[in-house]
Amino acid sequence: MAATDHIAATPTYDLAKEFKEFEESKMGVKGLAESGITSIPNMFIHPPEVLSTLKKSTSHTKKAIPLIDLSNFNVPTKRHQLVEQIREATSSWGFFQVINHGYLCQS
């Protein structure tokens with residue numbers, strides 16, 4: 001049975017009511033997932049005719065989480081560049097991923 005069949009088979013389905021109840025529950029999608037549901041609620045299902053009308057993203061810019069490489073942490077000439085990368089990542093994104101940090105813990 002397709003997801004849209006369920007909506008069509010329920011003539012009294014009230015999207016506004018379901019959405020209002022979801023908002024009032026204050027559990028959000030995470031809480032909904034943790035509640036043990038076994039099917040996607042109707043309010044999250046869009047029929048194929050609606051999906052086909054949605055605009056595709058025209059942006060070809062792929063944004064990636066900033067990656068901070070600490071392999072040059074102990075190289076004084078590279079320290080300024082590392083600090084600048086961290087400053088830029090935190091000011092633009094608020095977070096970043098750190099790689100090559102394992103050797104810092106070695107004695």
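**Exercise 1.** Locate Ile 40 and state whether Ile 40 is buried or exposed.

*Solution.* Step 1: Ile 40 lies in the loop between helix H3 (28–34) and helix H4 (48–51); helices (H or I, at least four residues) and strands (E, at least two) are DSSP runs, numbered from the N terminus. This is a predicted model, in which local features need pLDDT of at least 70, side-chain atom pairs count only at pLDDT 80 or more, and totals for chains, interfaces and linings use all residues. Residues are numbered from 1 along each chain as its sequence is written, and side-chain values use heavy atoms, with hydrogens and water left out.

Step 1: The relative accessibility of Ile 40 is 57%, so Ile 40 counts as exposed (buried: under 20% relative accessible area; exposed: over 50%; partly exposed: in between; 1.4 Å probe, protein chains only).

**Exercise 2.** Find where Lys 26 is, and give its phi and its exposure.

*Solution.* Step 1: Lys 26 is in the loop between H2 and H3, just after H2.

Step 1: Its phi is positive, about 60°, although Lys 26 is not a glycine.

Step 2: With a relative accessible area of 72%, Lys 26 is exposed.

**Exercise 3.** State the average pLDDT of the protein.

*Solution.* The average pLDDT (the predictor's confidence in each residue, from 0 to 100) is 78, and 79% of the residues score at least 70.
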